[in-house]
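Reader: Hi! Could you walk me through this one? I'd like to talk about a helix and then the interface.
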Amino acid sequence: MSKILRRVRLKNRAFLLILLISIIPTIFGFSANARNTLEYRGAKEDRGNSFFEDRLDLRLNYSNITFGLTFEAMQPSRESALTRPDSTYAEIMQRWFELKHSVVEISAGTFTSTMGGGLLLDARERREIQQDHHLDGAKIRLNLPIIDITLLSGLAKWDVINDAHIRGGEAQIDVPLPVGGGYIRYDVQAEGLPDLIGETWEARIVPMFGPLSAEVHYAQTWQKDLQYGDSYNGEVIYGSGSTFFGPITLFGEFLMADSFLVEGYGDTLVLTTLPLIIRQPSYTLMSRHLAELDPRDVTAFGGEALISPVFGSDITTSFAMLDNPDDYNDYFELYCSVFREWEKLTFTGIYEFQQTSDDPPTHNVVLEPLIYLNDRTSLLMDFELQFGEELGESAAHLYGLAEFARSPYGAIGLEGGRLMQWNDETAGLEPEYFARIYIDGEIAQNHKLTLAFGKRPGGFTCSGGTCRFEPAFNGFELKLSSSF
Amino acid sequence: MSGIKYYTIIVALLFSSAIFADDAALLPDFSLKDMNGETVTLSEACSLGNVVLTFWATWCKPCVKELRKLHENKDYLDSLGITILAICEDGPRTKAKVKPFVQNEGWEFVIVMDTGGGFKMSAGVADIPEFFILGKNREIFYRHVGYKPGDEVEYFEKFEEFFPVVIEDVENTEEGEIEE
């Protein structure tokens, strides 16, 4: 570890900024709020990379004013990091100022923003998938009694190839029928590549009548390559609605996209996010076969019925379909879950059917009992089975987890299972077994330590009370999270 | 100066700033829309009563478990005059599913939509759920990352620690001592 730390270098300017922001509270009576997350992984050679990461979030608050910075030391960063994968650096990655009032909010420096329900712009930080999409610039929001206005101008900072300047705004009138719209313009410059300019506008209506609520968005985009003169237009329409009567809630959504691709050169600077339509996976094996909406051409729709027959019970059924004109990346899913809670036991059972145009059908079964041994002690189990075909052969993948937790001290868990993987040498499927043990605990108030050892299959995982996407990994893991 | 020295100094400064700061840490203010389009301002909510705030998302199983437990104890929380602000971190991909999900669960919390994640970033929250007990001026009395079954017992003990006057009132009310 010391060898790693010795190689971390910090620019003088960054050091001075941290120094100033750290001593200000003692002088001016600001309040300080900080979070430090240190993570180290030592990988075995067969999968994953070794890395050391430290991320410090420091916030200073005085009345309605907040100063913030995020300092990162990576040696190197994890290879799955979407912003700067597998690179070594020690820098202040975010620094910002915010003035917040009930009527006006001003942000300068690093900020995030989602506009037009993601169809205009989606610049967000999502640490659960190691993604940091933020802008550097300024944003002002006016929150007036009947109208909400946001204006922004900034550089997209999540891509090392493209240098994109984004300007735009949106407004929504809230009475009597909420309607709104927005516009962004982006100029992209990339080294060795011609300039690119584009515009997107979006309009929406968000009606709510008693138990019925809905929203419909329409957006159009236009993009032009200045050197070659190529240009294209794209559009998307999205709608969703829900209603409820008694214990039953119904929900439906649809999306039609035609060449709606708001991005720079390559796929590293996608500025927008379409609604998912399919279910967001919250279990490990179910996250293995996922279809992404292809914004170039897709029609998608889904429906969901949620029923709560008695208190402490839920039944959810849903379906979703994605259809692409060339049968590329088509997807269909059917989902049913039951949840029941008793005094000392809760039980979740799930069946999901998934089929993509490239793969045969896949069936998923999840059984997740949670046993309360007493008020503070519990045993959580998660059994997952996925069966279908892999490259023409029948395959069953297994995953299991048992986590014993004692609040507030921590949890100890064991996960393991088997994946059927293609083996070139035998030209067939071979089982790959994995097992991992972890311990997660509060070593002091606001200081949480996680230690783990073993092989994980990769995918969406929930352990120690939080969830995140993790790539496949084998080795030792340490994470220390502290807040002050 | 070598990187290790810089690093040590930064950590030392961080500790010193936390120790010597005049006041308790504050959670930044926000004005965000709730699930029904109404504006919710944190400072106003805090000034009106006892506020508990937690970050959650529909895809986050521990978050849902935590909110289910709080919902089960709604009567107790109501008796303490506690307002629960559930800051929803569902982004554009899944935010449409929030309202039917909440409706089905029967939750009566104030569901605040932080679709762009701006408040999460301001608050320095990395992993969800993260739970806060706040004072009248947004002071952070207590914070807790993650949720394990049984954590709610710890929360309730903290309520008694940080909202003692209200607790006494409730106990007195139950005993009929301050009833008119």
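Author: Happy to! A definition to begin with: the expected span of a helix is 1.5 Å times one less than its number of residues. Keep in mind that this is a predicted model.

Reader: Okay, so what should the 12 residues of α7(B) span?
Author: At 1.5 Å a residue they should span 16 Å, and the end C-alpha atoms of α7(B) are 16 Å apart, so the two agree.

Reader: Nice. Which residues of α7(B) are buried?
Author: Those are Asp151(B), Glu152(B), Glu154(B), Tyr155(B), Phe156(B), Lys158(B) and Phe159(B).

Reader: Switching to the interface: how many residues of chain B and chain A are in contact?
Author: On chain B there are 83, and they contact 112 residues of chain A. Together the two chains bury about 7,900 Å², with 56% of that on carbon and sulfur atoms.

Reader: And how many salt bridges across the interface?
Author: The rule finds 12 between chain B and chain A. One of them pairs Lys33(B) with Asp148(A), whose closest N and O atoms are 3.9 Å apart.

Reader: Which element gives the largest share of chain B's side?
Author: That's α1(B), with 12 residues. Other elements supplying at least two residues each include β1 (31–33), α3 (61–72) and α7 (151–162) of chain B.

Reader: What about the classes of residue on that side?
Author: The side of chain B that touches chain A has 35 nonpolar, 22 polar and 26 charged residues.

Definitions and conventions. Residues numbered from 1 in each chain as written. Chains lettered and ligands numbered in written order. Predicted model: local features only at pLDDT ≥ 70, side-chain atom pairs only at ≥ 80, totals over all residues. Heavy atoms only, no water. Contact = heavy atoms within 4.5 Å. Buried area = accessible area lost by both parts, 1.4 Å probe. Salt bridge = Lys/Arg side-chain N within 4 Å of Asp/Glu carboxyl O. Helix = DSSP H or I, 4+ residues; strand = E, 2+ residues; numbered from the N terminus. Nonpolar A, V, L, I, M, F, W, Y, C, P; charged D, E, K, R; others polar. Buried < 20%, exposed > 50% of the residue type's maximum accessible area, 1.4 Å probe, protein only.
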